[in-house]
Amino acid sequence: MYFDQGEQRELKVSVMWKRAQGKKKVLTSLNWKERVFVLTPKTLNYFEGSAEKRGKRKGSIPLSSVKAVEFVEDTAFDQVKKYCFQVVYDDLVLYISAKTEDERKDWVDSIQDECSGNKFLLMEYHPGIFINKWTCCDGREKTAQGCQKSFAASEKDGYQGDSYTRSSFIATQPLPPIPSENKSEQPAVPAPVPRERKEPEKKTEVVVAIYDFSGAEQGDLSLIKGEQVTVLDKQTDHWWIAKNSRGESGFIPSNYVRRLGLESESWFQPEMSRQLCEDVLKKEGKEGCFVVRNSSREGMYTLTVLHGDHVRHYHIKEDCGQLYISERHRYPTVSELINYHQHNSGGLVTRLRQPPSFGQAPVAAFGHDVWEVPRSEIVLGKELGSGQFGTVRQGWWQETPVAVKMMKEGAMSEDDFIDEAKVMTKFHHPHLVQLFGVCSEKPIYIITEFMTQGCLLNYLRKNQIRLQPPQMTEMVRQVAYAMTYLESRNFIHRDLAARNCLIGDNNIVKVADFGLARYVIDDEYTASEGTKFPIKWAAPEVILYTKFSSKSDIWAFGILTWEIYTGGKQPYPAINNTDVVQKILNGYRLQKPTRCPEEMYRIVERCWHAEPEYRPAFASVYRSIVEFTGEDYDETVE
């Protein structure tokens with residue numbers, strides 16, 4: 001496999017014990033499984049199998065999400081697992097037991113080294129475990145602040161109890177005195193000089209235009225498909241400043257360019273899932289149509305190709321710096337390998353022809369600093385739907401198809417929303433409906449991208465017989481991906497549901513109306529007893545205290561997942577809002593839909609924990625879904 005050796009090289013490999021996560025009962029040996037642990041500069045992974053022959057990857061923790069890495073007290077576990085340490089990440093704790101004390105110390109030191117620059121390291125941790133209370137300090141709350149200084153705190157002040165940590169000792173201890181014949185003349189030990197952290201050199205990033213772009217506003221830089229430009233500054237997710245070969249610089253839309261190299265190949269679609277690839281290729285219906293994407297196996301790519309009515313998947317393997325699908329045909333890069341198979345089947349079921357057509361260029365918003373749109377520039381078309389906010393109509397802005405949400409007068413706190421709209425236009429994600437701007441004249445128009453298939457809820461109800469579980473799972477994955485993005489920006493949706501998601505070409509699902517509920521002033525919508533309040537999507541803390549957070553979004557995501565697998569049914573059917581509230585508070589939860597896989601329902605159950613602090617983060621949910629949908633086999637070459 002061709003990859004950045006600095007990012008993916010294996011730093012450590014050991015066979016150790018992993019404790020199953022999410023267990024509440026007394027810890028016994030039944031909760032432990034032997035796994036092959038692999039540490040890279042970016043991730044901590046664990047696999048089935050042995051060190052010599054690894055099996056399926058069972059989990060992966062991005063080191064950027066790690067908050068603490070510390071020893072666990074010997075008394076916390078039985079003597080068989082006495083060399084235990086903990087990795088605290090997101091909202092979870094992974095307990096790992098080494099085989100020896102030296103192995104434990106070596107692993108803790110190594111992971112601490114790789115995570116020492118993380119932004120959100122904990123200053124305190126619990127050296128014990130939680131079984132109704134913390135075994136180390138008798139604390140009754142699982143979320144209670146730690147009772148002992150962590151390695152991060154030690155590095156900050158160089159001291160932990162009456163000893164120094166390994167890393168702080170290296171950084172802060174004074175040099176030993178220089179021997180001298182005359183002790184009275186011995187010079188004083190110099191004070192330690194703090195070591196300056198060198199700023200990494202900025203690497204020039206060259207990108208290639210994959211679409212034509214005609215600059216619409218002053219300061220924009222026009223692009224010609226295939227042209228190479230140098231990125232000078234990534235101002236926002238959506239707009240970058242770049243310079244072309246003629247020395248001209250200006251704003252370019254980030255979704256119109258790709259990094260020079262593999263990413264600029266039209267057949268390379270790294271984020272496409274297995275299911276989405278199959279749907280796209282079958283819809284294209286052309287022999288040899290193909291894409292290359294990231295594999296669910298970390299550090300690998302997968303070639304997906306259409307042959308007849310069937311889609312085949314081939315892992316691109318690597319050996320001694322050479323890439324291959326068939327061992328007889330090896331090349332140093334993915335591009336060279338694909339070029340060979342475009343001219344020769346070389347053991348594949350068919351020769352590779354061309355990638356599918358991905359439709360027109362994405363909309364590049366209205367300009368790098370445009371968010372206020374004159375109403376005279378919007379042409380309105382047919383009505384697409386209506387709801388508590390107002391009416392949605394199809395429209396056009398300078399030949400660009402858009403959706404126009406025409407807000408009811410007095411239905412929202414308009415001035416507050418307009419202040420926030422400028423920020424929301426900068427959000428950019430493949431599974432978020434792009435907000436282009438607003439017409440602030442009363443009544444307000446909200447201008448967003450146009451999604452061809454309309455409301456997800458209506459789509460589910462119309463196609464519930466045709467949709468298969470893998471396609472439904474793909475919809476859930478796309479929503480989780482978008483919500484992970486919002487969570488990373490500390491943005492709360494507040495009204496996540498199938499009715500507030502849209503679907504476009506190739507079954508692409510996008511989350512819409514994020515944050516809009518915050519500005520609604522319709523009493524019927526916000527009152528807990530009103531018929532319009534989305535009680536059936538509301539977490540207990542929202543019902544009781546109107547307390548919204550990313551954790552209440554997690555709860556609503558679980559309900560939305562249930563909607564998808566039931567083909568758009570109403571949650572808690574035949575139960576009124578008042579009874580739903582009582583049932584939820586008494587612990588009742590929606591049952592598993594018939595077409596929902598067991599593993600997916602287990603993920604959903606985690607989203608419905610009564611106490612928000614025990615619900616997973618969206619990043620954790622998304623990783624679980626990706627692992628569940630991963631490939632389990634390779635196609636064989638002929």
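Biologist: What makes strand 16 and strand 17 a pair, and how many residues lie between them in their hairpin?

Modeller: Strands pair if DSSP finds at least two bridges between them; strand 16 and strand 17 are joined by 7 bridges and run antiparallel, so they count as a pair. Their hairpin has 2 residues between the strands, and Gly308 in the turn has a positive phi of about 65 degrees. Across the pair, Thr302 stands opposite His315 of strand 17. This is a predicted model, in which local features need pLDDT of at least 70 and side-chain atom pairs count only at pLDDT 80 or more, whereas totals for chains, interfaces and linings use all residues. Residues are numbered from 1 along each chain as its sequence is written, and side-chain values use heavy atoms, with hydrogens and water left out.

Biologist: Which residue takes a positive phi in the hairpin of strand 17 and strand 18?

Modeller: Cys320 does, with a positive phi near 55 degrees, and this hairpin also has 2 residues between its strands. Strand 17 and strand 18 (residues 322–324) run antiparallel and are joined by 3 bridges, with Glu318 opposite Leu323 of strand 18.

Biologist: What is meant by a strand or a helix, and how many of each are in the protein?

Modeller: Both are DSSP runs numbered from the N terminus: helices are H or I over at least four residues, and strands are E over at least two. The protein has 15 helices and 27 strands.

Biologist: Why do strand 4 and strand 5 stand at the edges of their sheet?

Modeller: That open sheet has 7 strands in the order 4-3-2-1-7-6-5, with antiparallel pairing. Strand 4 (54–62) and strand 5 (66–71) each have a single partner strand, so one side of each lacks a neighbour in the sheet. On average, neighbouring strands of this sheet are turned by 35 degrees against each other, direction ignored; axes are lines fitted to C-alpha atoms, for helices over the stretch in contact, and angles run from 0 to 180 degrees between N-to-C directions. Within the sheet, strand 1 (residues 12–19) and strand 7 (residues 92–97) pair over 2 bridges, and Trp17 is opposite Ser97 in strand 7.

Biologist: Why is helix 5 called largely enclosed?

Modeller: Buried means under 20% relative accessible area, exposed means over 50%, and partly exposed lies in between (1.4 Å probe, protein chains only). In helix 5 (residues 274–284), 8 of the 11 residues are buried, so the helix is largely enclosed by the rest of the structure. Among the buried residues are Arg274, Leu276 and Asp279. Their cover includes strand 15 (290–294), strand 16 (301–307), strand 17 (310–319) and helix 9 (469–488). Just after the helix, Gly285 takes a positive phi of about 70 degrees. In the protein as a whole, 48% of the 638 residues count as buried.

Biologist: Is Cys277 of helix 5 buried or exposed, and how far is its sulfur from the closest cysteine sulfur?

Modeller: Its relative accessibility is 0%, so Cys277 counts as buried. The closest cysteine sulfur, in Cys289, is 10.0 Å away, which is too far for a bond.

Biologist: What makes Thr230 count as partly exposed, and which residues does it touch?

Modeller: Thr230 has a relative accessible area of 23%, so it is partly exposed. It lies in strand 11 (residues 228–233). Contact means heavy atoms within 4.5 Å; not counting residues up to four places away in sequence, Thr230 touches Thr204, Glu205, Val206, Ile241, Ala242 and Lys243. Thr230 and Thr204 are 26 residues apart in sequence and 7.0 Å apart in space, C-alpha to C-alpha.

Notes: Disulfide = S-S within 2.5 Å.
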